[in-house]
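Dear colleague,

Please find the structure below, handed over together with its sequence. My notes on what was found in it follow, and I would be glad if you read them with the model open beside you.

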Amino acid sequence: MSAGIFKYFFSYIFRSKTRQKLIFLSIIGLLISSFSLVVLQGVMGGLQNGLITRSKHVLGNAYIDVVGVERSELKKIFKKLDDHSIKYIKELELELMAKHENYIAPTIIHGMDFSNFIPEFIRHKDKTGVVVGGDLGRNLRAFFGSELIITSPAHTQVLIREIPMKSKSTVTDFYSSELPEIDVIHAWVRLSFLQNLIRKRSINRIRFFEQPISQIEDAIDGLNLKLITWEDEHSTLVFALNLETKVMLFLFIGTSLLIGICISSAFIIFYNKIKLDLASFWILGLSRDKALSLVYSFGQVISIIFCLLGVCLGLGFLYLLQTNQFIFMPDYFVERNIPVKIEMLHVFISFFVPYSVSLIFTFFTFRTFKQENMSFMNLIRKVG
């Protein structure tokens, strides 16, 4: 009997000549809310993930700071990493000054030992000289074959006075990560070049690329070392991206309240329209409490159906964006197509937020309707 009553209510909304357009607009609003929220989160997740992925591609997932660690201790660290089949780079990272002709720019140079592992981003580059970030090369007006003078103000040699140590190297390649904060200051050379510059065979980083953090932590367990992840090093950026997502959700919830007001008005009208129908069901043997319970359940069922439908349509739209790779942006944009990244949490939020708004407003609307102390007998008498 419940299925038949629900079918009647559905037909009343969508097929009846006296159907109320406001409740139809309300449930369509729920569908659009779920659809918009899942698409917005998928696209924002794709854009944020693209930025993070490009940065990790160059700077790695994590690193261990080994400044001051004895050579004997370093051997133990390398042995444990090798035993756990962890891919790592021995690195000496220094903040230096690069000069080409009359152009000078600060630079962070990564001296890497490529004997153990070569990161993918630099694997096919010419590493016989210095690989320069694209924006840094433009600032220095450097080209292929240009000679750079690398100066370390922190390392000096004493002749008549203290003189910063210098060394020369040739620009053999360029790399562009499409992230200005990387391309404008970073460069990469062989580890031996920087060690010769500072006259010391040392390293200050052990950097990891594309290696799960959990595996690295297991490998260095018990060594009294701190693993600094990309998220730890860029905590401000991570906070900003999370704040962006939260603000977006807050604004979206605020706009969803407008749909809630529309839902309240629509269901008040709907409940008043079906009073006589409920009285008819009561005459046929349906109890008053059961009838009211079915009315409330119908409001929840229709909200669930249209919220789920909106989520499914949104996922379908994101799938089309991801598989067809439509080009929307001009050439100078990094992401010319719309990137997509969707997680189960996004799907849950896309369903839960509109449904929660609907649940709250339908509950208070139904409670108001129920508190009217509606008497089916009085309704029948009025009709008579």
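Strand E1 (residues 62-65) runs antiparallel to strand E8 (residues 205-208), and 4 bridges join the two; strands here are DSSP runs of E with at least two residues, helices are runs of H or I with at least four, both numbered from the N terminus, and two strands pair if DSSP finds at least two bridges between them. Within this pairing, aspartate 65 stands opposite arginine 205 of E8. E1 is also joined, by 3 bridges and again in antiparallel fashion, to strand E9 (residues 227-229), where leucine 227 is the bridge partner of isoleucine 64.

Before going further, please keep in mind that this is a predicted model, in which local features need pLDDT of at least 70 and side-chain atom pairs count only at pLDDT 80 or more, while totals for chains, interfaces and linings use all residues. Residues are numbered from 1 along each chain as its sequence is written, and side-chain values use heavy atoms, with hydrogens and water left out.

The salt bridges come next, each being a side-chain nitrogen of Lys or Arg within 4 Å of a carboxyl oxygen of Asp or Glu. A search of the whole structure finds 10 of them. In the pair formed by glutamate 91 and arginine 207, the closest N and O atoms are 2.9 Å apart. Because glutamate 91 lies in strand E2 (residues 89-100) and arginine 207 in strand E8, the pair ties together parts that are 116 residues apart in sequence. Both glutamate 91 and arginine 207 are buried, where buried means under 20% relative accessible area, exposed over 50%, and partly exposed in between (1.4 Å probe, protein chains only).

Glutamate 147 forms a salt bridge with lysine 168, with 3.9 Å between the closest N and O atoms. This pair, too, links distant parts of the chain, since glutamate 147 is in strand E5 (residues 147-158) and lysine 168 in strand E6, 21 residues apart. Glutamate 147 is partly exposed at 46% relative accessibility, whereas lysine 168 counts as exposed at 54%.

A further salt bridge joins aspartate 83 to lysine 79, the closest N and O atoms being 3.2 Å apart. Both residues belong to helix H3 (residues 71-83) and are 4 residues apart, about one turn of the helix. Aspartate 83 is exposed, with a relative accessible area of 52%, and lysine 79 counts as exposed at 51%.

Which residues does threonine 172 contact, leaving aside its neighbours within four places in sequence? Threonine 172, in strand E6 (residues 162-175), is in contact (heavy atoms within 4.5 Å) with Asp126, Thr128, Gly129, Val130 and Phe144. Its side chain reaches the backbone oxygen of aspartate 126 at 2.6 Å, and threonine 172 counts as buried at 15% relative accessibility.

Glutamine 48 is found in helix H2 (residues 21-59) and counts as buried at 15% relative accessibility; leaving aside its neighbours within four places in sequence, glutamine 48 is in contact with Leu241, Glu244 and Thr245. Methionine 248 has its place in helix H9 and is buried, with a relative accessible area of 10%. Leaving aside its neighbours within four places in sequence, methionine 248 is in contact with Leu37, Leu40, Gln41 and Met44.

Together with Phe239, Val247, Phe250 and Leu251, leucine 243 forms a nonpolar patch on the surface, with about 550 Å² of accessible area in total. Such patches are made of residues with over 30% relative accessible area and no salt bridge, like charges being joined within 9 Å and nonpolar side chains (Val, Leu, Ile, Met, Phe, Trp, Tyr) within 5 Å; the areas come from the Shrake-Rupley method with a 1.4 Å probe, and for residues only the protein chains shown count as cover.

Lastly, helix H6 (residues 191-198) is largely enclosed by the rest of the structure, because 6 of its 8 residues are buried. The buried residues of H6 are Leu191, Phe193, Leu194, Gln195, Leu197 and Ile198. Just after H6, arginine 199 takes a positive phi of about 60°.

With best regards

Key:
Polar contact = N/O pair within 3.5 Å; in protein donor to acceptor, adjacent residues only side chain to side chain.
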